[in-house]
Amino acid sequence: MAPPEQFSAANVAALKAKFESANQGHIFTFYDSLSDSEKKAFFNQVQKIDPARVNKLWEYAQNPPAEPENTVVEPLPESATASILDSKPEDLERWYNLGLDLIGKGEVAVILLAGGQGTRLGSKAPKGAFNIQLTSKKSLFQIQAERILKIQQLAAERAKDKSKAQVPWYVMTSGPTRSMTEKFFKKEKLAELLDTDNENRAQGKPYFGLDENNVTIFEQGVLPCYDFNGKIMLASKGEVAVAPDGNGGIYKALQDEGVLDDMRKRGIKHVHAYCVDNCLAKVADPVFLGFSAEKNVKIATKVVRKRNATESVGLILSKNGRPDVVEYSEIDKATAEAEDPKHPGVLKFRAANIVNHYYSFAYLDGMGDKVNALPPHIAKKKIPHCDVETGEAVTNVTKPNGIKLEQFVFDNFKWLELDEFACFEVQREDEFSPLKNADAPGANDCPTTSRQGVKAQGRRWAEAAGATVKNGDDEGLEISPLTSYGGEGLEGWKGKEITESTI
């Protein structure tokens with residue numbers, strides 16, 4: 001991204017001309033009526049918007065490329081897949097050790113997709129700050145930070161130079177969540193959190209014990225909101241209405257926010273990206289990293305096995321000879337119910353997308369202008385705005401009146417050849433428990449199911465180590481990530497009863 005221009009009459013005139021040539025000059029309708037500070041704020045916002053790109057995305061969204069008439073979908077070839085469910089123990093061990101070695105050499109970075117607020121959970125705070133009511137009261141951010149601390153420790157034990165076993169954490173926020181996320185990491189009070197949650201955070205460590213120099217909080221981009229004629233909408237007389245550009249905005253943000261530059265300086269070669277709402281995410285998972293690096297692919301993705309033929313999830317598969325994600329609604333009933341001829345009783349198309357990816361740094365660094373080629377997806381929304389004709393604020397919007405465009409993080413999969421892509425199946429109960437909904441009777445993907453997922457996993461780990469859990473907690477046992485990353489290191493509990501609620 002070009003450095004920002006200084007606020008001056010000449011630069012304002014040039015910017016206005018740029019928008020007028022793109023038939024978007026109406027956004028300057030009220031400019032002359034603004035105060036000097038409002039004019040400067042408007043200029044600073046608008047200069048970050050490329051009207052030619054905005055128009056191109058609109059046209060692309062309205063006229064997407066036609067799909068081939070004879071679309072062929074197949075599971076990914078066996079050469080591009082592996083499953084933790086049936087892989088040989090020696091393969092899993094080799095991938096694990098390779099992943100730890102890559103971490104130990106300082107070649108691994110992690111990107112966290114954390115732009116969302118906990119709106120559906122009844123909170124305006126970043127979703128990562130949410131407390132799922134574990135005994136420890138740890139937030140999602142803290143759980144994931146502690147997994148990084150533990151995997152660094154495990155990698156350092158194998159590394160020749162232990163000081164290199166560092167995993168930089170790049171946290172992608174959005175406009176509404178960036179400042180709050182920065183404060184939460186620094187242990188500053190958030191007005192958006194309950195007093196008890198602020199008190200819990202105050203008792204913890206800044207950056208959850210991670211080296212501040214290894215944590216980068218950056219911001220995903222935005223796209224203007226459009227009316228149904230493709231015109232940019234105003235939020236007020238001195239502000240363009242914008243919305244985050246979707247999780248696919250990660251690729252452009254890595255360029256614009258200097259993240260790729262920082263990774264390059266650090267010598268990063270392998271990148272793990274995942275979503276903040278998954279309390280079971282194995283951050284910088286050495287098995288996944290080792291598998292992906294050994295395959296020498298540009299992108300790999302973790303999947304879980306689809307529960308049944310009717311589960312509404314996107315599927316990772318081969319579409320017209322290229323890797324792709326196909327939504328449940330795009331697959332007919334017969335295809336959805338088809339069984340794998342090699343595995344009776346198992347669905348043929350079962351690789352459910354959980355947005356958990358590996359990237360080679362070389363791939364991310366080489367995307368160039370392709371970050372602007374991701375197809376935009378249309379979402380019709382109720383958008384409060386300033387009426388350009390009257391200047392009046394329209395706040396009571398009762399039906400969709402505009403369009404927000406968003407890009408999806410997986411829409412570049414189809415740009416790859418099959419041998420540049422890999423898919424790794426993991427156990428759902430061990431690695432995927434998303435937080436989407438508020439608690440309610442019968443609710444799924446809620447704080448209760450997230451908490452139960454963590455505690456049930458802890459119980460399984462303890463029992464596998466030969467311990468007996470007798471703590472009076474029907475949900476199980478909370479095992480701190482600082483105690484165990486993936487079930488290792490619990491040998492000392494063999495033959496013992498665990499009466500604690502958390503270890």
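Predicted model: local features only at pLDDT ≥ 70, side-chain atom pairs only at ≥ 80, totals over all residues.
## Nonpolar cores

The largest nonpolar core of the model has 60 residues. Within this core, the residues with the most contacts are F141, W169, F185 and F424. Helix 5, which spans residues 140-158, gives the most to the core, contributing 7 residues. Apart from this core there is a second, separate one of 37 residues, which includes L76, I111, V371 and F410. As a general rule, nonpolar side chains in soluble globular proteins tend to be buried together.

The surroundings of F424 can be listed in detail. Leaving aside residues up to four places away in sequence, F424 touches A82, I84, L92, W95, V287, F288, F291, T301, K302 and V303.

## The packing of helix 4 and helix 10

Helix 4 (residues 89-104) packs with helix 10 (residues 286-295), and their axes are 6 Å apart. The angle between the two helices is about 95°. Angles of 65 to 115 degrees count as roughly perpendicular, and helix 4 and helix 10 are therefore roughly perpendicular to each other.

On the side of helix 4, the contact is made by L92, R94, W95, Y96, L98, G99, L100, L102 and I103. Helix 10 takes part through P286, V287, L289, G290, F291, A293 and E294.

## Two residues with positive phi

Most residues other than glycine have a negative phi. In N23, however, phi is near 60°, a positive value in a residue that is not glycine. N23 lies in the loop between helix 1 (9-21) and helix 2 (36-46). Its relative accessible area is 54%, and because exposed means over 50%, N23 is exposed.

Y207, likewise not a glycine, has a positive phi of about 55°. This residue is found in the loop between helix 7 (195-202) and strand 5 (215-219). Y207 has a relative accessible area of 9% and is buried, whereas N23 is exposed.

S360 belongs to strand 16, which covers residues 351-360. The relative accessibility of S360 is 12%; since buried means under 20%, S360 counts as buried. When residues up to four places away in sequence are not counted, S360 touches K269, V297 and K298.

Notes:
Residues numbered from 1 in each chain as written. Heavy atoms only, no water. Helix = DSSP H or I, 4+ residues; strand = E, 2+ residues; numbered from the N terminus. Buried < 20%, exposed > 50% of the residue type's maximum accessible area, 1.4 Å probe, protein only. Contact = heavy atoms within 4.5 Å. Core = buried A, V, L, I, M, F, W, Y, C linked by side-chain atoms within 4.5 Å. Axes fitted to C-alpha atoms, helices over the stretch in contact; angles between N-to-C directions. Parallel < 35°, antiparallel > 145°, perpendicular 65-115°, else oblique.
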